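Dear colleague,

Please find the structure below.

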Amino acid sequence: MKTSYKPSKLPAIAAQVRKEHPTSSEIKNYQLDNSFLDEVRQWAKLPKEDVDGEAITIPIRKVRLLANYVPANSLHLPLLNLTRILFLRANEEIARSLFILWQDYFTNQDLCYLLYRIVQDKPELVKKIVSNTKLENTTMMQWFPSKNIPYAVGRECMRWQKSDRIRFSDRLMTLGIMPSTRLGQRCIQEYLTFCDRTGYLEISDRDMLPALKKYSPDSIKLFLKNILTELKVEDFQRYYQCGSYLRNIYTSDAGTLKYKNFFSGFTPEQELKYHRWLNYILIRESFSKNSNDERLQFWSQYVPYSTDAYRVSASECLVIEFEMYSIIEFTTKTMGPLYIYRKDIFEKFVKKYLKRMNNTELRHSLYNELLQYATERIIHHDNWQYKTSRYLMAHSII
């Protein structure tokens, strides 16, 4: 999340936002003494029909105190009466205080509903509060009922200044959200669930992994839905550690029941992209003893065209599947030629030998007994990559 450009007006805007939207620690500290808390208890117990009348009689000073009490609700009181009083008596100062405190207590559903009602029924009041930000009433009405407020706020942030690579914390401030609040911190922590392609490519595999390990299962799903939409297939070569972690902890391998259950609700395009991400990982693992292995470097570039990849441990081979063809590569140090088959022929005559034979036996059989089924056999001599690439293109495999 590096910054390569910072608009000239941003410092002035940020200063104005801080002035009009102080952090919760900067809001005027009203002392909530025991006598006032006793009154709060009484208000919370009022019959429903008496609340509106009582709200009119409460001095505005005590309504301000009530606005400071409700977000934290330290006495764990039912808040229905108290939020009704605040709604009826809300002025610009009280509404601003509630909005700022909400950023530290956004999990308080009663507070969220109170703010929703204020935005809905007193829009002119709210416009004054957010006048120096890019925040709009319609956006706030989407935030407050949201089941995942940090995600909703973060997504809105990404709508603004797409052409400007400014820090995400600065984006938050343009919407009146202070990065130091609990909501601001959660948005920063959940950044990977809603950022754009440029944002992902600014983060290394090593730096992304610790963040993912802190995510809940729900956040992992949001992350995957987003990254599988934003990134191109070739981008996933950057994220070997993250992909391995997701496969080992959450999804398992393609085709398993765990995999199918996890991807319920994903689009076919997202699932295909993830499958190809797993293909990258498998190819790297197959030749991981040497990161400069020429087979690893060669086959990685063709993963975007693949439909599947799997290893057979008995014969130490890797099968890379394309729409109409299957290719066998050997993962052992002694290598062995690669074989290319039409997929239907491979499935019918060759595949069954992969699990029955060890490495030496399979290489012997592919050459002496099963060569008739191969459309091409290529030895890993000088320039084998060029010959293989030409064959793949000539036969429309890629």
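Contact here means heavy atoms within 4.5 Å. Axes are lines fitted to C-alpha atoms, for helices over the stretch in contact, and angles run from 0 to 180 degrees between N-to-C directions. Helices (H or I, at least four residues) and strands (E, at least two) are DSSP runs, numbered from the N terminus.

The model is predicted, so local features need pLDDT of at least 70 and side-chain atom pairs count only at pLDDT 80 or more, while totals for chains, interfaces and linings use all residues. Residues are numbered from 1 along each chain as its sequence is written, and side-chain values use heavy atoms, with hydrogens and water left out.

I begin with the sheet. Five strands form an open sheet in the order β1-β2-β3-β4-β5, with antiparallel pairing; two strands pair if DSSP finds at least two bridges between them. At the edges are β1 (308–312) and β5 (376–378), each pairing on one side only. Between β2 (residues 317–321) and β3 (residues 325–330) there are 5 bridges, and V319 has I328 in β3 as its bridge partner. Helix α20 (residues 343–356) packs on the sheet and touches β1, β2, β3 and β4 (338–342), its direction making about 135 degrees with that of β4. Helix α22 (residues 384–394) lies across β3, β4 and β5 and runs at about 160 degrees to β5.

Next come the cores. A nonpolar core is a set of buried Ala, Val, Leu, Ile, Met, Phe, Trp, Tyr and Cys residues joined through side-chain atoms within 4.5 Å. Buried means under 20% relative accessible area, exposed over 50%, and partly exposed in between (1.4 Å probe, protein chains only). The largest core has 106 residues, and W277 is among those with the most contacts inside it. Helix α18 (residues 268–286) gives the largest share, 7 residues. A second, separate core of 17 residues includes C317, F330, V350 and L366.

Finally, the aromatic rings. Rings of Phe, Tyr and Trp (its six-membered ring) pair if their centres lie within 6.5 Å; planes under 30 degrees apart count as stacked, over 60 as edge-to-face and the rest as tilted. The structure holds 26 such pairs. One of them, Y259 with Y274, is tilted, at 6.1 Å centre to centre and 35 degrees between the planes. Y259 lies in helix α17 (residues 257–262) and Y274 in helix α18, so the pair ties together parts 15 residues apart in sequence. Both Y259 and Y274 are buried.

Yours sincerely
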